Amino acid sequence: MHLIQVDSVQRWMEDLKLMTDCECMCILQSKPISVEKDEQSELLLSSQYSTCDHLQLLLKRAWIISTELTRIAQKLEKSRWQRVHSMTVRVNCHVHSMVNEYNTFTRASSEEMHQLEKLLIDKCSEFTAFTERCLQTEDEEILKSMKSCVNETLTTVAQYFGQLIELVLTQEAQRLLRQLELSGSLYVTESAISSLSSLAQEGAHLCRIIAKEGGVVALFKICRQDCFRCLYPQTLRTLASICCVEEGMHQLEKVDGILCLADILTDTSHSEATHAEAAAVIAQITSPHLTFTQHLSSFLENMEEIVTALVKLCQEASSGEVFLLASAALANITFFDTMACEILLQLNAMKILLAACTDKRIVDTPYSRDQVVTILANMSVLDQCASEIIQGNGVQLLLEMLSEKPSSGNPAEAAACERVQQKSAVTLARLSRDPEVAEAAVKLSCIPRLIKLCRSPTERNNSDSVLVACLAALRRLAVMSPDGLEDSDFQQLVKPRLVDSFLLCTNMEESFV
């Protein structure tokens with residue numbers, strides 16, 4: 001489950017309200033507030049928390065139970081019976097609380113849900129009683145024989161708990177999707193989309209459940225109704241989250257989602273926010289990290305329209321975030337078909353991207369520069385790109401990217417800077433087969449910068465991938481301009497086999513002279 005990293009004391013304070021003694025929790029929550037149905041108290045309960053709040057509480061409680069079950073298994077392995085029993089009591093308490101809270105919220109559970117709840121509660125009670133008997137037994141041989149039974153009971157509790165949570169989340173997804181299907185109200189639809197989005201943020205498993213229950217189909221239906229135009233950005237953002245899993249992709253293909261996205265991107269009457277979120281969905285479904293690609297056949301049919309719209313979005317972007325989403329989509333598209341690079345060349349995309357990089361208001365982070373240099377690297381396989389790079393002062397930009405450094409200690413930012421350095425070196429190596437580009441690179445002192453990256457591990461953040469790319473670029477430039485290197489650099493970085501130069505640089509102590 002998705003958990004935000006917070007201070008340990010803050011985490012303890014949040015968990016404390018859920019850590020109530022078993023007797024108090026079970027007795028108080030089992031007593032009705034009144035004999036007759038109290039409509040006023042129901043109203044208070046329903047209005048105090050939203051659907052999203054209740055689901056977050058349920059997921060929080062489920063995470064605690066799951067963690068406790070794991071810890072019980074660890075303590076059981078070490079035969080720490082006192083701890084096993086106390087933790088079993090605590091799990092029993094949390095299970096009762098979770099079931100009571102959920103039933104208070106839903107008011108109408110299915111027969112299957114009631115059966116699973118009863119199975120889980122009964123098994124938890126049996127588990128608690130079992131560990132209590134173990135606690136009272138001092139005979140080591142008897143305890144050893146009982147351990148396998150306790151392990152078996154623990155496995156059954158975990159199995160029932162997993163099935164119950166799966167069913168709860170499935171029913172919640174079904175309920176939210178029914179709201180989307182049946183509601184004509186803007187407010188109710190927006191609330192349901194918001195709750196679905198929150199569920200999707202909890203991880204891939206929740207996305208699979210939503211997709212299996214028809215979430216992608218329902219959300220694309222919203223995107224095809226003009227009356228919900230103001231909800232398009234929120235709807236598309238939710239779709240981008242769900243489409244990170246294979247089940248989401250299957251649904252997208254089934255409902256002609258790519259055609260719908262192409263229509264949205266090419267419709268100039270939509271807001272920039274809507275176009276940006278559509279670009280985010282494109283970036284998600286074209287991610288080179290995805291192993292499932294069955295949706296790409298229909299994507300190729302609409303690729304020219306989509307690429308054209310994305311280039312226009314990059315050119316007209318009013319903020320860094322919009323540019324990042326549009327350029328990320330373009331970068332991903334260039335990975336799986338060379339035709340995309342040819343379309344970009346025809347659209348003068350390189351000129352547009354190079355111009356955008358000079359505007360610090362638009363290209364303002366290493367993440368944006370990572371997308372731009374990815375596109376340049378993939379386009380540089382085309383011979384026609386060399387003249388575009390020269391005209392757009394692209395060699396100067398590549399040199400600047402070789403000096404990319406993080407502004408903070410954020411690991412994600414440091415990784416993005418490494419990617420920028422690596423890809424700019426790769427682009428330079430590919431483009432330097434053209435004498436004009438190689439000459440420009442030598443004149444701009446690219447060779448000294450590449451040598452420094454090779455020889456100084458801190459300059460490349462100890463990245464091996466940056467080192468390999470820089471060695472390749474240096475060797476290409478050395479062929480075109482052998483006089484640009486000192487003899488020691490040539491002997492160590494160019495003349496040996498690439499692998500030998502790599503090993504030399506990775507073992508090299510940084511010189512401060």
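Reader: Which helix does Leu 399 lie in?
Author: Leu 399 lies in helix H22, residues 394-401. Helices are DSSP runs of H or I with at least four residues, numbered from the N terminus. The model is predicted: local features need pLDDT of at least 70, side-chain atom pairs need 80 or more, and totals for chains, interfaces and linings use all residues. Residues are numbered from 1 along each chain as its sequence is written, and side-chain values use heavy atoms, without hydrogens and water.

Reader: Why is Leu 399 called buried?
Author: Buried means under 20% relative accessible area, exposed over 50%, partly exposed in between (1.4 Å probe, protein chains only). Leu 399 has 14%, so Leu 399 counts as buried.

Reader: What makes Asp 267 and Arg 229 a salt bridge?
Author: The rule asks for a side-chain nitrogen of Lys or Arg within 4 Å of a carboxyl oxygen of Asp or Glu. Here N to O is 3.3 Å, so the pair is a salt bridge. Asp 267 lies in the loop between helices H13 and H14, Arg 229 in the loop between H10 and H11, so the pair ties together parts 38 residues apart in sequence.

Terms used:
Helices (H or I, at least four residues) and strands (E, at least two) are DSSP runs, numbered from the N terminus.
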